[in-house]
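Please read them with the structure open.

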Amino acid sequence: MTYRVVLHETDEGFAVSVPALVGCHSQGRTEQEALENIADAIREYLAAAEDERLAAEQGRVVEIEV
């Protein structure tokens, strides 16, 4: 799967985020390191989302009014 990322040069190197995956961010000293790190972050993000989906399937969904 391919994700579009946003890369920003900073004083410390590069910061990178994935607009399609809210909260998925990483960084690196070089552009290449930042891109490698965000690839790892994307894999971890997707694995966590899958874990949450599986947990939700095992429970029951209720609605509450706030």
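1. A term needed for point 6 comes first: a patch is made of residues with over 30% relative accessible area and no salt bridge, and nonpolar side chains are joined into one within 5 Å. Keep in mind throughout that this is a predicted model.

2. The sheet. Three strands make up an open sheet, in the order β1-β2-β3, and the pairing is antiparallel. Because β1 and β3 (25–28) stand at the edges with a single partner strand each, one side of each has no neighbour in the sheet. From one strand to the next, the twist averages 20°. As background, strands of a sheet pair through backbone hydrogen bonds, in either the parallel or the antiparallel sense.

3. Strand β1 covers residues 6–9 and strand β2 covers residues 14–17; four bridges join them in the antiparallel sense. Which residue of β2 is the bridge partner of L7? The partner is V16. H8, in turn, stands opposite A15 in β2. Four residues lie between the two strands of this hairpin, and G13 takes a positive phi there, near 150°.

4. The helix on the sheet. Helix α1 spans residues 31–58 and packs on the sheet, where it touches β1, β2 and β3. The direction of α1 makes about 150° with that of β3.

5. H25. This residue is placed in strand β3. Is H25 buried or exposed? H25 counts as exposed, because its relative accessibility is 53% and the cut-off for exposed is over 50%. The C-alpha atoms of H25 and L7 are separated by 10.0 Å, with the two residues 18 apart along the chain.

6. The nonpolar surface patch. Which residues form it? V62, I64 and V66 do, and together they have about 400 Å² of accessible area. V62 lies in the segment after α1. With a relative accessible area of 53%, V62 is exposed, so V62 also passes the over 30% needed for a patch.

How values were computed. Residues are numbered from 1 along each chain as its sequence is written. This is a predicted model: local features need pLDDT of at least 70, side-chain atom pairs count only at pLDDT 80 or more; totals for chains, interfaces and linings use all residues. Side-chain values use heavy atoms; hydrogens and water are left out. Two strands pair if DSSP finds at least two bridges between them. Axes are lines fitted to C-alpha atoms, for helices over the stretch in contact, and angles run from 0 to 180 degrees between N-to-C directions. Contact means heavy atoms within 4.5 Å. Patches are made of residues with over 30% relative accessible area and no salt bridge: like charges are joined within 9 Å, nonpolar side chains (Val, Leu, Ile, Met, Phe, Trp, Tyr) within 5 Å. Accessible areas come from the Shrake-Rupley method with a 1.4 Å probe; for residues, only the protein chains shown count as cover. A salt bridge is a side-chain nitrogen of Lys or Arg within 4 Å of a carboxyl oxygen of Asp or Glu. Buried means under 20% relative accessible area, exposed over 50%, partly exposed in between (1.4 Å probe, protein chains only).
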